[in-house]
Amino acid sequence: VAAHSSRQHQSSSANTPSVSSPSRSTSGLECRVGTSLLYLDDTHMLTWNATVTDVVVVAEEGMGSRFKLALDATIFYPAGGGQPCDTGTIATKEGGRLQVRDVKKVGEVVWHEVEGDGAAELPRANDEVQLQVDETTRMLHARLHSAGHLLDVAMIRAGFPHDVLVPTKGLHTPSQAYVEYKGKITPDEASSLPATLTSILAELVRSGGVVRAEEMSYDAANVACASMGGLPGYIEKGATPRIVTMVDDACPCGGTHVVDVRDIRGVSVTGVRVKKGVTRVSYELIDE
């Protein structure tokens, strides 16, 4: 979807940083070492060995503890732009297995909030840990996000190009998924659009097609995103944004996606709401 805020996580920050004297903290989130975003390179990368660059204690209660880890690199997608974070585990060198409860990106650092069974499992700076992303959750989120992009394609084919209804934001969660467009349609159009879009989406999924995610120069990306009127204003000139291309539509995006449109499996548009100049199109995944 052309202007989802999740697309502000750009792959230009995905170069592996050097680790320079990281330290354990007990408050604040001021890690000096950026995190390499490996999830941008491969949706199916589910395991990785990383190095701890900082630790922030959140709570230590009884036999349990919660804390946040900064790493030199991560395969965990941080929540943002309507896409939920990944879940999974982080294994320590002592054999502890920490449950990843939340993942957030603060500046250039990705923080992993984890829960363990006692302070003995608390890793320290420079420790190597093993990351394991939950595959079921990762692929569900990838299907949901890709379905939002495919909905943009379907809207164009239904007669509502981006200069008529401008994609502004979306939500891609299992409990609620939608894309919002700036612009209004008539009540009759709103009534018939769910069936029309569901039919178009079914054909697009059947036809399939490789989903490409690649870093481009600013000028090349601006041309690739012509259907949405070029790059959005939040991308600075001279940047090298990550562009996701699906079927014949491209836009900047930092989320995880399926490899092929067929992997979405099925999408049903469940409703269209028009309010205060905004058209919201809600959808859900189906298995066909």
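A195 sits out in the open: its relative accessible area is 56%, which counts as exposed (over 50%, with buried meaning under 20% and partly exposed anything in between, using a 1.4 Å probe and protein chains only). This residue belongs to helix α2, residues 187-207, where helices are DSSP runs of H or I with at least four residues, strands are runs of E with at least two, and both are numbered from the N terminus. The C-alpha atom of A195 is 8.7 Å from that of T270, although 75 residues separate the two along the chain. The model is a predicted one, so local features need pLDDT of at least 70 and side-chain atom pairs count only at pLDDT 80 or more, while totals for chains, interfaces and linings use all residues. Residues are numbered from 1 along each chain as its sequence is written, and side-chain values use heavy atoms, with hydrogens and water left out.

As for the chain overall, there are 3 helices and 16 strands. Some 55% of its 288 residues are buried. Taking contacts (heavy atoms within 4.5 Å) between residues at least 6 apart in sequence, 69% join residues at least 24 apart. The accessible surface is about 12,700 Å², and carbon and sulfur atoms account for 46% of that; the areas come from the Shrake-Rupley method with a 1.4 Å probe, and for residues only the protein chains shown count as cover.

Helix α1 is mostly covered, with 17 of its 23 residues buried. At the start of α1, a side-chain oxygen of D134 comes within 3.4 Å of the backbone nitrogen of T136. After the helix comes G159, with a positive phi near 100°.

Within α1 (residues 135-157) lies R138, which is buried at a relative accessible area of 0%. Its side chain makes a polar contact with the side chain of D86 at 2.6 Å. Such a contact is a pair of N or O atoms within 3.5 Å; within protein, one must be able to donate a hydrogen and the other to accept it, and residues adjacent in sequence count only if both atoms are side-chain atoms. A polar atom of the R138 side chain also lies 2.6 Å from the backbone oxygen of T43. Leaving aside neighbours within four places in sequence, the contacts of R138 include Y39, Y77, I75 and T256.

The structure holds 1 aromatic pair.

Most residues other than glycine have a negative phi. V247, however, has a positive phi near 55°; this residue is in the loop between β13 (242-246) and β14 (249-252) and is partly exposed at 34% relative accessible area. R265, also not a glycine, has a positive phi of about 80°. R265 is in the loop between β14 and β15 (267-275) and is partly exposed, at 40% relative accessibility.

Terms used:
Phe/Tyr/Trp six-rings, centres within 6.5 Å; stacked < 30°, edge-to-face > 60°.
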